[in-house]
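Dear colleague,

Here is the model I promised to pass on, and below it I have set down what came out of going through the coordinates. Please read the notes with the structure open beside them.

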Amino acid sequence: MLPRREVFPHVIEINYQARQRLGCCVYLVFNDQNEWLLIDIGYEDTVSEIIEMIRQMDFPLANCKYLIATHADVDHIQGLSRAKELLPAAQVVAHPSAARLLEVGDRISTYAEISAQGISIDMPACQVDLEVNEGDVIDLGGDIKLEVWHTPGHTDGQLAFRFGDLLFSGDNIYRDGCVGHIDAHHGSDIPDFIKSLERIRDCDAKWLLPSHGPIFRNKKELLQATIDRLDTYLHMADFGTCAIDWPLQDQWDEELLKGFDPKTAE
């Protein structure tokens with residue numbers, strides 16, 4: 001039997017458990033009756049390895065109650081269909097926006113297909129058994145309850161989950177202050193992203209458990225620096241239709257009326 005390497009009581013992160021990076025962070029949350037759930041699963045090619053590791057930690061596979069998707073990006077959910085085959089008693093859980101993509105195996109919106117970059121991988125469809133949204137509670141039994149937060153911005157269907165002093169924070173924020181990628185085609189929304197980050201900044205969770213990279217403390221200064229950076233994105237052409245304006249265009253309108261003078265031009 002493998003020893004359980006809990007990062008916090010009742011919480012195991014599979015990459016930490018394996019002592020190597022297998023993909024996105026996969027969190028196993030369990031109660032005193034050995035009932036458990038997974039938050040995200042990652043790519044299909046690591047599912048069997050992850051499930052075998054869980055079995056070797058003496059978690060009965062029949063006791064998996066939920067397979068939760070933080071959002072519908074391929075690197076988080078490609079393996080859900082395979083996981084459901086191996087864990088048939090588990091309910092697949094997602095936000096309604098993510099559920100629509102999962103159930104049709106949408107290759108474009110999940111980033112399984114990005115032709116311009118030569119990316120083309122399978123995105124197996126998967127039936128969602130339970131749709132959750134802001135204010136819902138995922139009850140594992142005992143004292144293990146996850147409060148559902150809807151934290152849009154990176155995607156419309158991005159969820160976070162509060163568990164005591166912990167917040168499973170998805171792709172909202174990473175330890176280096178980076179955030180999940182912002183792309184209009186992906187449905188990203190910078191004003192929503194800022195609101196979600198402000199909510200995380202102002203909450204009293206002590207630890208953030210992200211979907212990529214190390215676990216880290218919830219530091220207001222880190223969140224604020226990221227919020228300030230995203231606020232500049234609102235006014236930059238770099239972010240296309242995700243931006244709300246481009247001040248240079250207003251300046252250009254004024255200069256068109258004046259005419260161009262190379263002596264005074266910047």
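A polar contact here is a pair of N or O atoms within 3.5 Å, where within protein one atom must be able to donate a hydrogen and the other to accept it, and where residues adjacent in sequence count only if both atoms are side-chain atoms. Helices (H or I, at least four residues) and strands (E, at least two) are DSSP runs, numbered from the N terminus. This is a predicted model, in which local features need pLDDT of at least 70 and side-chain atom pairs count only at pLDDT 80 or more, while totals for chains, interfaces and linings use all residues. Residues are numbered from 1 along each chain as its sequence is written, and side-chain values use heavy atoms, with hydrogens and water left out.

Let me begin with helix H6, residues 190-202. Asp189 caps its N-terminal end, a side-chain oxygen of Asp189 lying 2.8 Å from the backbone nitrogen of Asp192. The end C-alpha atoms of H6 are 18 Å apart, which agrees with the 18 Å that its 13 residues should span at 1.5 Å a residue (the expected span being 1.5 Å times one less than the number of residues). Buried in H6 are Ile190, Phe193, Ile194, Ser196, Leu197, Ile200 and Arg201, and because they cover an arc of only 165 degrees around the axis, they lie on the same side of H6. Buried means under 20% relative accessible area, with exposed over 50% and partly exposed in between (1.4 Å probe, protein chains only); the arc is that of the directions from the helix axis to the C-beta atoms. These buried residues pack against strands E11 (144-150), E13 (166-170) and E14 (207-210), and against H7, contact meaning heavy atoms within 4.5 Å.

Thr226 is found in helix H7 (residues 220-233) and counts as buried, at 1% relative accessibility. Leaving aside residues up to four places away in sequence, Thr226 touches Ile173, Gly177, Val179 and Leu197, and a polar atom of its side chain lies 2.8 Å from the backbone oxygen of Gly177.

As for the cysteines, a search of the whole structure finds zero disulfides, a disulfide being a pair of cysteine sulfur atoms within 2.5 Å. The sulfur of Cys24 is 6.9 Å from the closest cysteine sulfur, in Cys25, which is too far for a bond, and Cys24 is buried at 5% relative accessible area. For Cys203 the closest cysteine sulfur is also in Cys25, 18 Å away and too far for a bond.
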